[in-house]
Amino acid sequence: MVPRGRHSMSHATAAMPAQNLNRIDGSTLGLYAATVFLWGVSWIGIRAQLGVVAPEMSVLWRFLLAAVLMWGWVLATGHKVRFALADHLRFAAVGCCLFSFNFISFYYGGLSIPSGLLSVVFSLASVFNLVLGFVIFRQRPEARVALGGVIGVLGIVFLFWPEITGAGFNAAALQGLALCVMGTLFFCSGNMISTMVQRRGAPLLSATAWGMTYGCAVLLALNLVRGNAFIIEPTVKYVGSLLYLSVGASVLAFMSYLTLLRRLGAARAGYATVLFPIVALTVSTLIEGYVWTWLAVIGVVLALVGNVLVLRRPSAK
């Protein structure tokens, strides 16, 4: 928690890492595992939604349902609902970065580049978080954490190297790559803004509900401007993936991840993105018959080694 009163923001920023960022207890590991699993499986759900319904509309349905569930949670637990205008501006910024533009960028980027390359780009969030955390909060990452992030990303590159080399970097592929990089930057920027919101003392449930609400407003406006049809594909695959993405990958996963941001900081929490593709690939092995190669095995080993370096508690001096 951030000390209240007349302490400056810089004092709060300095105090928080010393108190929380090195603590890895059982509940934190549970939140980390839940985030990795829920978001790792979500790539399959996202792919199941592409086709009939416009990407912006699918994202709108996802977060509209998630926002309703979040507000029910907020009201049932009696959390604070009213905030100052300055807080609402931050909530709106979180909505733009975490609950709208980042997903739209990845949906459209995924139409022109392989899913493996998309996963590689998103895994760079661990590195972007390190850089943004230093630039915005002056949080100098430990050498071990930085090394772990680099090793993890290198592992994902090995894992998807055949798809990367086979992408064919024509104009469409470059545009898709640029959209995915933009989506990752939106995600990481949302991490930084959410950290600011939590440090100002806004309850996580309330802040997330408001953020999703503003994200839905942005998505609604975008769909109206583009003239998209307000439809839902009436199939078990689409509706089932929508329910999973709304409840599991949005409400539960975002609550877990944003809690990790408070406990671990952006650099260590963001490393979860490196492990998402491994979960997706494991599911693909069971469902789609993915064939493992030596490069894939090396990639998994490197990603796990990086994971240990990032999450391992520093030895007592």
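**Close-up views of a predicted model**

View A. Ala280 counts as buried, with a relative accessibility of 15% (buried is under 20% relative accessible area, exposed is over 50%, and partly exposed is in between, using a 1.4 Å probe and protein chains only). This is a predicted model, where local features need pLDDT of at least 70 and side-chain atom pairs count only at pLDDT 80 or more, while totals for chains, interfaces and linings use all residues. Residues are numbered from 1 along each chain as its sequence is written, and side-chain values use heavy atoms, with hydrogens and water left out. Ala280 sits in helix α14 (residues 272–287); helices here are DSSP runs of H or I with at least four residues, numbered from the N terminus. Skipping residues up to four places away in sequence, Ala280 touches Gly40 and Trp43, with contact meaning heavy atoms within 4.5 Å. Ala280 and Gly40 are 240 residues apart in sequence, yet their C-alpha atoms are 5.2 Å apart.

**View B. Phe63 in the largest nonpolar core.** This core has 88 residues, and Trp39, Phe63, Leu159 and Phe187 touch the most other members. Helix α12 (residues 236–264) supplies the largest share, 13 residues. A nonpolar core here is a set of buried Ala, Val, Leu, Ile, Met, Phe, Trp, Tyr and Cys residues joined through side-chain atoms within 4.5 Å. Zoom in on Phe63 and, leaving aside neighbours within four places in sequence, you find contacts with Leu98, Phe99, Phe103, Met212, Cys216, Leu219, Ser250 and Phe254.

**View C. Arg226 paired with Glu56.** The whole structure has 3 salt bridges, each a side-chain nitrogen of Lys or Arg within 4 Å of a carboxyl oxygen of Asp or Glu. In this one, the closest N and O atoms of Arg226 and Glu56 are 2.7 Å apart. Arg226 belongs to helix α11 (residues 204–226) and Glu56 to helix α3 (residues 55–77), so the pair ties together parts that are 170 residues apart in sequence. Glu56 counts as buried, at 2% relative accessibility.

**View D. Asp87, Arg90 and Arg200 linked in a network of salt bridges.** Asp87 pairs with Arg90, with 3.6 Å between the closest N and O atoms. Both of these residues lie in helix α4 (residues 85–98), 3 residues apart, or about one turn of the helix. Asp87 also meets Arg200, at 3.5 Å from N to O. Arg200 is in the loop between α10 (171–199) and α11, and Asp87 is in helix α4, so this pair ties together parts that are 113 residues apart in sequence. How exposed are they? Asp87 is buried at 16%, whereas Arg90 is partly exposed at 25% and Arg200 is partly exposed at 45%.

**View E. Helices α5 and α10 crossing.** Their axes come within 8 Å and cross at roughly 160°; axes are lines fitted to C-alpha atoms over the stretch in contact, and angles run from 0 to 180 degrees between N-to-C directions. That makes α5 roughly antiparallel to α10 (over 145 degrees). Among the residues that meet here are Phe101, Phe106 and Tyr108 in α5, and Leu179, Cys180 and Phe187 in α10.

View F. Gly110 sits in the loop between α5 (101–109) and α6 (115–123). Gly110 is partly exposed, at 27% relative accessible area. The C-alpha atoms of Gly110 and Cys180 are 7.8 Å apart, though 70 residues separate the two along the chain.

How values were computed
Helices (H or I, at least four residues) and strands (E, at least two) are DSSP runs, numbered from the N terminus. Angles under 35 degrees count as roughly parallel, over 145 as roughly antiparallel, 65 to 115 as roughly perpendicular and the rest as oblique.
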